[in-house]
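Dear colleague,

Please find below the structure that I am handing over to you. My notes on it follow directly after.

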Amino acid sequence: MTSAFTERSHAVLYRKYRPKPCSMVINKILEFLKEKKKTPFISAVDVACGSGQSTPVLGEYFDSVLGCDISEAQINEATKTNTAPNIKYCVADAEHIPIADNSVDLVTCSQAAHWLDIPAFCKEVDRTLKPFGCLAIYSRLRNGQKFLHENAQIAAKLTDLFIKFRYDTLKDYWEFPVKIHDDIYTQDLQIHFSDCQRHVVDEHSDISLSELIGYLETVSAYQNYHKEHPEDDILKDLQDKYVQITFNFV
């Protein structure tokens with residue numbers, strides 16, 4: 001596991017700007033689980049849960065859900081906003097989940113598998129899942145993200161602007177280069193369980209400019225850049241270029 005998300009200031013941003021998983025992803029997980037187990041579903045664990053993006057969503061379908069993360073700061077943020085009696089959070093890493101053997105129906109890991117020791121994690125999943133329980137790993141792919149706009153030229157310019165931000169400005173600050181990150185989820189992630197399935201879900205999200213800039217501030221590559229170049233306000237520059245393209249169309 002990494003310590004990239006352990007600072008309190010980063011955890012606060014994470015809770016504010018990181019989105020929940022889209023409903024299509026959750027539905028895919030539940031459909032797969034229903035093929036293996038009868039309802040009702042009793043328990044789930046959300047591993048590397050951050051500040052609680054996926055955990056509350058799972059709480060709608062399970063009697064009890066445990067969210068765990070190696071970062072105490074992230075867990076503190078998740079706990080602050082938790083009002084659901086069937087959801088609990090704790091500090092723990094993905095390779096040592098603090099639950100009994102064969103005790104959960106579902107283990108999830110959202111946007112974090114690329115940080116994990118996968119063989120050790122899978123061994124722990126093996127220990128904790130009930131018979132016919134399921135593991136769900138999911139993430140937003142970095143490559144292929146596009147802007148939608150009624151003006152196709154504006155959409156293309158905005159897409160190009162953010163591709164250059166990710167690939168050029170932040171190029172040397174990713175722990176995992178963009179292609180390697182995406183390949184992990186689309187082809188390279190090796191899970192030893194039988195009956196594995198991969199799905200790509202086309203998600204469309206409405207997001208304001210301030211929310212988009214806030215999200216980028218949570219990205220580990222930006223955090224790494226900012227630590228080395230605190231004087232550079234690259235997000236302000238990006239925002240100005242976005243406004244220029246959108247309203248002046250140059």
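Among contacts (heavy atoms within 4.5 Å) between residues at least 6 apart in sequence, 72% join residues at least 24 apart. Please note that this is a predicted model, in which local features need pLDDT of at least 70 and side-chain atom pairs count only at pLDDT 80 or more, while totals for chains, interfaces and linings use all residues. Residues are numbered from 1 along each chain as its sequence is written, and side-chain values use heavy atoms, with hydrogens and water left out.

The protein contains 10 helices and 5 strands (DSSP runs numbered from the N terminus: H or I of at least four residues for helices, E of at least two for strands). Its radius of gyration, taken over C-alpha atoms, is 19 Å, close to the 18 Å given for 250 residues by the globule rule, so the protein is as compact as a globular protein of that length. That rule is 2.2 Å times the number of residues to the power 0.38. Along the principal axes, the C-alpha atoms fill a box of roughly 60 × 35 × 35 Å.

Of the 250 residues, 45% are buried, that is, under 20% relative accessible area with a 1.4 Å probe, counting protein chains only.

A112 lies in the loop between β4 (104–110) and α5 (118–128), and it counts as buried because its relative accessibility is 6%. The C-alpha atoms of A112 and V47 are separated by 8.5 Å, although these residues are 65 apart along the chain.

Yours sincerely

Note on methods. Buried means under 20% relative accessible area, exposed over 50%, partly exposed in between (1.4 Å probe, protein chains only).
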